[in-house]
Amino acid sequence: MDKVHNWRVTLTKAANLSGFDNANRARTDADLIDRIVKHVLKQLSRKSSSDLKGLFGIESRIKDVKSLLCIDSPSVLTIGIWGMGGIGKTTLADAVFNRLSCEFEASCFLANVSEEYAKHGPNHVRDKLLCQLLKQNDLSVDTPSIGSPFVKERLHRTKVFVVLDAVDKIDHIELLAGDDAWFGPGSRIIITTRDKSLLEKKNIQDSKIYRVQGLPDDEALKLFNLNAIGNSTPQTDYAELSGKVLDYVKGLPLGLKVLGSLFFHCKRKEEWEDIWNKLKKYPDKKIQNVLRLSYNGLDDNEKEIFLDIACFHRGMVVDYVKRRLQIRGFYPTGIEALIAKSLISISKWGCIEMHDMIQEMGQQIVREQCCDDPGKRNRLFDAEDIHRVLENNAGSATVQSIVLNGSNNRNLRLSPESFKKMYNLNSLEITTPLYISQDLESLPTALRSLYGERYHLKSLPTKFSLQNLANVERRPES
């Protein structure tokens with residue numbers, strides 16, 4: 001009887017399912033079959049909730065990107081997904097691609113475009129795209145253009161969905177999706193990049209650029225816990241340490257996953273604390289390498305500006321920073337490139353903001369100039385390093401800028417020859433208490449900017465040349 005009952009329930013459910021209405025005789029049976037096949041493919045290709053496990057908040061982001069794509073519009077449309085390294089651009093594009101690709105006649109997700117371009121050359125990448133879109137494995141185009149008139153015509157008649165992932169040069173976009181007219185009506189192209197300026201060069205409007213932001217605290221905590229303890233449920237015993245990690249990572253999914261995995265095998269709270277203290281001194285290389293890709297794409301002027309901001313100027317008013325950069329001999333227009341590459345942002349108060357992990361990456365680049373001897377680095381920003389160099393006359397011609405602020409209360413003891421070897425020093429800022437055993441013998445003639453307490457400036461050597469000094473500031477007396 002149970003078997004009969006189960007059959008009855010199942011057949012009743014099947015009878016109540018709505019089917020496809022074929023009452024419109026203007027459509028052929030072939031049209032109906034086509035509709036059914038497309039519907040089934042759409043359901044099969046839709047990622048299940050288990051496929052999206054660990055992608056907290058992804059559904060709302062998919063919805064946002066889908067709204068930018070305007071799927072029902074017959075025109076060809078290109079949109080951008082932009083954000084810093086490790087923020088989840090590729091993950092989001094992949095989720096959207098898997099959700100929507102069934103609605104197109106052909107689709108292609110080209111991962112790591114810039115890396116593939118560098119390894120195999122432009123023809124290989126372009127041929128890979130055409131082979132997938134035109135479903136022809138042996139297709140090879142040896143010319144700089146998209147191909148023969150026959151290939152162009154086939155592509156022009158095809159409604160395609162293309163994702164160009166991790167693009168870092170405008171040449172790559174022009175090669176693979178340079179002209180909307182290449183593709184059939186209703187085609188959609190998504191470009192993921194760290195560099196917003198590439199999207200602007202492609203004439204993609206701001207309204208069609210989706211900036212991927214870090215995860216909010218509740219989603220970040222779930223992702224961290226999933227990787228640190230195997231489930232997303234918060235653990236009260238580790239709430240304080242988890243809070244420190246979240247404040248440090250600031251919603252960066254890559255950071256949450258990588259750092260979470262480092263804590264996975266910890267059995268005691270003390271082990272968590274040891275790993276956390278180690279991370280503050282030795283940043284995780286996997287995360288650093290991902291973030292450093294954005295730095296590697298900068299030109300020389302932009303790299304210098306980035307390092308100055310990471311070492312000295314985070315949180316300062318942008319106009320003040322621009323003046324300091326000019327005095328140092330840099331071109332402040334490079335700040336716009338840093339914003340476009342998501343390395344910095346400007347707050348509503350006009351101050352420069354930078355993610356903790358990006359600042360850490362910049363400072364680590366400076367430390368790597370000479371790991372054991374800070375006197376052979378071009379920027380000195382760490383209080384212990386500065387004391388070590390100046391108090392032991394351990395500077396060199398490499399040092400160009402020194403900033404020691406009042407947050408360190410230890411007196412800095414200078415000798416008359418503290419700056420003698422640093423003849424390329426062009427910027428000096430010391431606001432911490434200063435003790436000079438005798439008058440300084442000299443300061444570098446390359447010095448362009450000098451900032452200090454009033455009593456510091458009274459201690460300037462009489463033989464100091466002012467020929468290059470463009471800026472002298474002193475902290476007002478309280």
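Helices, which are runs of DSSP state H or I of at least four residues, and strands, which are runs of state E of at least two, are numbered here from the N terminus. The model is a predicted one, in which local features need pLDDT of at least 70 and side-chain atom pairs count only at pLDDT 80 or more, while totals for chains, interfaces and linings use all residues. Residues are numbered from 1 along each chain as its sequence is written, and side-chain values use heavy atoms, with hydrogens and water left out.

Helix α6 covers residues 122-134, and its 13 residues should span 18 Å at 1.5 Å a residue, which agrees with end C-alpha atoms 18 Å apart; the expected span is 1.5 Å times one less than the number of residues. Its buried residues, where buried means under 20% relative accessible area, exposed over 50% and partly exposed in between, with a 1.4 Å probe and protein chains only, are Val125, Arg126, Asp127, Leu129, Leu130, Cys131, Leu133 and Leu134. Among the elements that cover these residues are β2 (106-110), α5 (113-120), α7 (149-156), β3 (160-164) and α8 (170-177), contact being heavy atoms within 4.5 Å. Just after α6, Lys135 takes a positive phi of about 55°.

Glu219 lies in helix α10, residues 217-228, and is buried, with a relative accessible area of 17%. Leaving aside residues up to four places away in sequence, Glu219 touches Phe56, Gly57 and Arg61.

Two packed helices are described by the angle between their axes and the distance between the axes. Helix α11 (residues 239-249) and helix α12 (residues 253-262) pack at an angle of about 145°, with axes 9 Å apart; such axes are lines fitted to C-alpha atoms, for helices over the stretch in contact, and angles run from 0 to 180 degrees between N-to-C directions. Val245, Leu246, Tyr248 and Val249 of α11 meet Gly255, Leu256 and Leu259 of α12 in this contact, whose residues divide into six nonpolar, one polar and no charged. In this division Ala, Val, Leu, Ile, Met, Phe, Trp, Tyr, Cys and Pro count as nonpolar, Asp, Glu, Lys and Arg as charged, and the others, Gly among them, as polar.

For helix α15 (residues 300-313), the 14 residues should span 20 Å at 1.5 Å a residue, and the end C-alpha atoms are 18 Å apart, which agrees. The helix is mostly covered, with 11 of its 14 residues buried, including Ile305, Phe306, Ile309 and Phe312. Just after α15, Gly315 takes a positive phi of about 90°.
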